[in-house]
Amino acid sequence: MTAESTTSGSVHKVKSTSTSIGGHEIGYPHGHLGHLSAEEEAAFVAFKAFLVEKGDYKPGPPPSHDDQTLLRFLRARRWVVADAYKQFKDTEDWRQANHLGVLYDTIDLEAYEQSRKLYPQWTGRRDRRGIPLYLFEIRHLDSKTVAAYEKQADTAYTKAHTDGNTPPKLLRLFALYENLTRFVQPMCTELPDRDFARTPITLSTNIVDVSGVSLRQFWNLKAHMQAASTLATAHYPETLDRIFIIGAPMFFSTVWGWIKRWFDPITVSKIFILGSHEVKPTLEAFIDPKNIPKKYGGELDFNWGEMPNLDPFIKSTVTWENGFTAFPKGPVLWREIDGGKKLECVAVGTENQKEREVRVCILPRAFPDEPAAPAPAVTTGVETEAVPPVSAAAPPADAALEGVKDLKISDDAATADVSEKVVEPAAEPAKTEAIA
């Protein structure tokens, strides 16, 4: 499976033969808030009603879950309400059994940093659509490093307790997914220098570098990566968008045979294996060269293991506090303040078993004067003012529909074979003039 790029003058364009599954458009922003078809909107209404009926969702205000989180489950299950509910319920039970919120808020800073250095890392930049850009260099994830990491994971401090079924080594990995959904995506949502600026960002674009990895190393990592991928697909659905695999060796077709069985067809349709001559034109079709790391033909100074090289637009948009000029190491999250018109970034986690809670910066809401649905009380996104701000005290914190659980847009048989395709372009160039 390879990506195919075409060049017209100095502008690189990419095309796709798989823009839909079962006749349903799956490319961003299709299926996201503000871009739902009539059938998708009906499925969304039915899904929320069914969740209320089951007692797993409270409309609020504030709602127990934000709309963009609920839509992730519907998109993942192809808008079949019953299937989306099962995955949502399994995820909620898993999160509660493993105290995912507590894990992220109280994880040891050094343990978090060790996890961050092994797995996909946010570059501090975004693609042309405003979706955060991550880099994963797999060669650093060798069996010796993984063994040492797993041994240390058993003793790393956190107040969270596991369900006994999910190994601590994997729970530490999911602290990074919490960072994606509670910090990176909410921040990217509030940056208005993009097309579809009122549509929440719930995805990530990933460059996966497999150069220098032997077949034996892939084999030794197979069980670990399969377990991590399976749990991530189950409990963090629809958080991945384009995945560009770079540096694939000749034997990678064997490895691909394993990998594609770990993911659902929609996720597989987003994975592109690029030949060396395809890397630069394909990446530039999706990402401004200023935001592509230099080693892949771009202009960005970012190397594996480093803290994010923040987009200058982010730096100019936030107001730093308490001496910060960048986001610190360890877990951080956003909380609403000022009646929901602003967000405060709070650094959490523990150091020497002492919890930290310090304000890092303030981020203005992109559209503060527009009426919006209240943010959820408990979610993987932004916390509401029910949680007191770090710097000040905060104020204290339908009829069920029958016969909707089987509502769906397309039959299972309509799922297309999506493993063979070429890259789909962004609909239009995003507004990146302000992005460095």
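Predicted model: local features only at pLDDT ≥ 70, side-chain atom pairs only at ≥ 80, totals over all residues.
The protein averages a pLDDT of 82, and 78% of the residues score at least 70. Over residues 1–24 the pLDDT falls below 50, and this stretch has 72 contacts in the model beyond near neighbours in sequence. A further stretch with pLDDT below 50 spans residues 392–436, for which 109 contacts beyond near neighbours in sequence are found.

The largest nonpolar core comprises 90 residues, of which Phe174, Phe183, Phe252, Leu283, Phe327 and Trp334 touch the most other members. Helix 7 (residues 168–189) gives the most to this core, contributing 12 residues. A second, separate core contains 17 residues, among them Phe50, Leu51, Leu74 and Ala84. When residues up to four places away in sequence are set aside, Phe183 touches Tyr104, Trp122, Glu178, Phe327, Val332, Trp334 and Cys345.

Leu343 stands opposite Leu363 of strand 15.

Strand 6 pairs with strand 5 (residues 121–126) in the antiparallel sense over 3 bridges, and Leu135 in strand 6 is the bridge partner of Gln121. The hairpin of strand 5 and strand 6 has 5 residues between the strands, and within this hairpin Gly130 takes a positive phi near 90°. With strand 7 (residues 205–209), by contrast, strand 6 pairs in the parallel sense over 5 bridges. Phe136 stands opposite Val208 in strand 7.

A search of the whole structure identifies 26 salt bridges. One of these joins the side chains of Arg116 and Glu113, with an N to O distance of 2.7 Å. Arg116 and Glu113 are separated by about one helical turn, because they lie 3 residues apart in helix 5 (residues 109–116). With buried defined as under 20% relative accessible area, Arg116 counts as buried at 10% relative accessibility, and Glu113 likewise counts as buried at 5%. Another salt bridge is formed by Glu355 and Lys159, whose closest N and O atoms are 2.4 Å apart. This pair links distant parts of the chain: Glu355 is in strand 14 (residues 354–355), whereas Lys159 is in the loop between helix 6 (143–153) and helix 7, 196 residues apart. Glu355 counts as partly exposed at 42% relative accessibility, as does Lys159 at 45%. The side chains of Asp301 and Lys294 also meet in a salt bridge, at 2.8 Å from N to O; Lys294 is partly exposed, with a relative accessible area of 48%.

Most residues other than glycine have a negative phi, and most peptide bonds are trans. The peptide bond from Tyr28 to Pro29 is cis, with omega near 10°, and Pro29 is placed in the loop between strand 4 (24–25) and helix 1 (38–54). A cis peptide bond also joins Pro61 and Pro62, where omega is about -10°; Pro62 lies in the loop between helix 1 and helix 2 (67–76). Arg78 has a positive phi, near 55°, and is located in the loop between helix 2 and helix 3 (81–98). The relative accessible area of Arg78 is 24%, making this residue partly exposed. Asn322 likewise has a positive phi near 55° and is found in the loop between strand 10 and strand 11. At 55% relative accessibility, Asn322 counts as exposed.

Notes
Residues numbered from 1 in each chain as written. Heavy atoms only, no water. Core = buried A, V, L, I, M, F, W, Y, C linked by side-chain atoms within 4.5 Å. Buried < 20%, exposed > 50% of the residue type's maximum accessible area, 1.4 Å probe, protein only. Helix = DSSP H or I, 4+ residues; strand = E, 2+ residues; numbered from the N terminus. Contact = heavy atoms within 4.5 Å. Salt bridge = Lys/Arg side-chain N within 4 Å of Asp/Glu carboxyl O. pLDDT = per-residue confidence, 0-100. Pairing = 2+ DSSP bridges.
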